[in-house]
Amino acid sequence: MYRVAYLNTDPGVPAYGTKGASVHVQEIIRAFRARSALPRLYTVRTGEHVPVDLVDLQVVHRPVDGDPADPGMPPEQRVAQRERRQQAVARDLAADVIVDGTDLVYERYSLFSTALSQVTASLPVPSVLEVNAPLIDEQAAHRHLVDRDGALAALRTQVAAATVIACVSEPVVQWVLSHCPSASGKVRLTPNGVNTERILPVEPAPSRRPVVVFVGTLKAWHGVETLLDAAAAAKQKWRVRIVGDGPQRAALLEQAQRLGLDVDLRGAVSPSDIPAALAGASVAVAPYPASAKDDYFSPLKIYEYSAAGLPVVASAVGQVPAIITDDMNGVLVPPSDPAALAAEIDALVADPRRAQLLGATGRSIVARKHSWSAVLDRILHGVRPRDEVTV
């Protein structure tokens with residue numbers, strides 16, 4: 001048995017939240033526990049949806065927003081202050097880990113943190129840096145980034161210190177190597193997984209109007225507006241169920257009203273409520289738009305749909321074709337094409353036996369190849385924690 005320090009220094013990721021990132025944090029911790037390790041969570045944000053099975057997890061919480069910004073401060077200075085605060089809190093969490101001791105340190109990559117490198121400089125333990133997105137580019141493009149050089153220096157420091165760098169997609173691998181080419185020997189491609197014990201096969205609800213479900217944050221890169229256009233164009237009327245929330249909510253509601261659609265918009269739910277949110281559905285959809293062609297995401301929702309035994313209709317963009325084999329465990333459609341999406345969903349709801357076969361095949365594949373335990377196996381291959389401990 002060995003101790004694991006799990007570091008989550010990203011203020012945008014509540015460890016007990018409803019985001020896919022929150023699911024990732026929780027499932028990696030569960031996977032450590034399943035192998036009789038003793039993880040302890042060091043996080044800048046906790047969240048409100050504490051899973052029952054993680055209530056007893058030891059948590060060290062240091063929020064980033066400890067020093068309120070001067071309301072009269074110019075926006076750039078305010079961002080710079082927040083960036084400095086992120087660095088300081090990450091240093092504090094690293095100090096906590098050093099004092100507590102650990103046999104392995106695992107950090108979810110975030111801007112400005114050098115916590116992993118600080119821990120490994122003091123404790124001779126192996127370490128994993130998990131990279132889920134090119135955060136420096138993402139922050140500069142969609143939010144505000146003042147100290148880009150500082151963020152890049154932190155990335156290089158962390159990568160140099162890590163024993164393994166686990167990247168969720170090939171574009172993320174290439175992004176890391178573009179900044180840290182000497183790290184090629186320790187970078188591993190480790191896409192997302194799914195908990196097939198938490199998400200079990202569902203049955204379609206007996207209804208004259210089949211339910212087509214989407215799960216995810218309501219942001220433009222998910223392409224939910226294409227799903228609504230497809231529903232309006234469908235030959236056989238089906239009901240759209242949307243599980244999630246986000247900045248596009250008002251626009252999607254307006255679109256649904258304009259198209260005369262009866263949409264079941266359920267809002268964001270905790271990971272433990274995802275099985276209930278999928279119950280009764282006939283088809284699950286991942287309608288990524290054409291703009292996602294070269295994106296870096298590892299689509300957690302597709303793994304979850306498959307675990308529920310649902311046939312998946314998804315856009316053939318990004319990493320999706322590596323998961324969905326057309327007409328074997330789902331159906332691929334051109335992105336941003338509501339007519340094609342409507343036609344494939346119509347075909348599946350008209351042929352329940354084919355839909356059931358695709359869903360069963362998808363469930364079988366994720367159960368054999370994409371459990372979180374298998375993901376952690378790939379991440380930790382060849383990595384040996386420092387010592388066993390007696391508890």
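Keep in mind that the model on your screen is predicted.

**Stop 1: the partner of Arg 239.** Arg 239 sits in strand S9, while Asp 262 is in the loop between helix H8 (249-259) and S10. The pair links distant parts of the chain, 23 residues apart. Asp 262 is partly exposed, at 40% relative accessible area.

**Stop 2: the six-stranded sheet.** Now show the strands around Arg 239. Six strands form an open sheet with parallel pairing, in the order S10-S9-S8-S11-S12-S13. Look for its edges: strand S10 (263-265) and strand S13 (331-333) each pair on one side only. Neighbouring strands are turned by 25° against each other on average, direction ignored. What holds such strands side by side? Strands of a sheet pair through backbone hydrogen bonds.

Zoom in on strand S9 (residues 239-243). Three bridges join S9 to S10, and the two run parallel. Select Arg 241 and you will find Asp 264 of S10 opposite. Next, color helix H7 (residues 224-233). H7 packs on the sheet and touches strand S8 (211-215), S9, S10 and strand S11 (283-286). The direction of H7 makes about 165° with that of S9.

Stop 3: Select Asp 327 and Arg 354. They form a salt bridge, with the closest N and O atoms 2.9 Å apart. Asp 327 lies in the loop between strand S12 (312-315) and S13, and Arg 354 in helix H12 (residues 352-369), so the pair ties together parts 27 residues apart in sequence. Asp 327 is partly exposed at 47% relative accessibility. Arg 354 is partly exposed too, at 24%.

**Stop 4: the seven-stranded sheet.** Move to the open sheet of seven strands, ordered S3-S2-S1-S4-S5-S6-S7 with parallel pairing. The edge strands are S3 (58-61) and S7 (187-189). Here neighbouring strands are turned by 20° on average, direction ignored. Strand S1 (residues 3-8) pairs with strand S4 (residues 104-108) over five bridges.

Which residues of H6 are buried? They are Val 172, Val 173, Trp 175, Val 176, Leu 177 and His 179. These pack against S5, helix H4 (135-142), helix H5 (148-161), S6 and S7.

**Stop 5: two cysteines.** Select Cys 167 and Cys 180. Cys 167 is buried at 0% relative accessibility, and Cys 180 is buried at 7%.

Stop 6: Finish with Glu 27 and Arg 198, whose side chains meet in a salt bridge of 3.2 Å, N to O. Glu 27 is in helix H1 (residues 20-34) and Arg 198 in the loop between S7 and S8, 171 residues apart. Are they buried or exposed? Glu 27 is buried at 2% relative accessibility, and Arg 198 is buried at 18%. Select Arg 30, Asp 53 and Glu 304 as well: with Glu 27 and Arg 198 they are linked in a network of salt bridges. The count for the model comes to 18 salt bridges.

Terms used
Residues are numbered from 1 along each chain as its sequence is written. This is a predicted model: local features need pLDDT of at least 70, side-chain atom pairs count only at pLDDT 80 or more; totals for chains, interfaces and linings use all residues. Side-chain values use heavy atoms; hydrogens and water are left out. Buried means under 20% relative accessible area, exposed over 50%, partly exposed in between (1.4 Å probe, protein chains only). Two strands pair if DSSP finds at least two bridges between them. Helices (H or I, at least four residues) and strands (E, at least two) are DSSP runs, numbered from the N terminus. Axes are lines fitted to C-alpha atoms, for helices over the stretch in contact, and angles run from 0 to 180 degrees between N-to-C directions. Contact means heavy atoms within 4.5 Å. A salt bridge is a side-chain nitrogen of Lys or Arg within 4 Å of a carboxyl oxygen of Asp or Glu.
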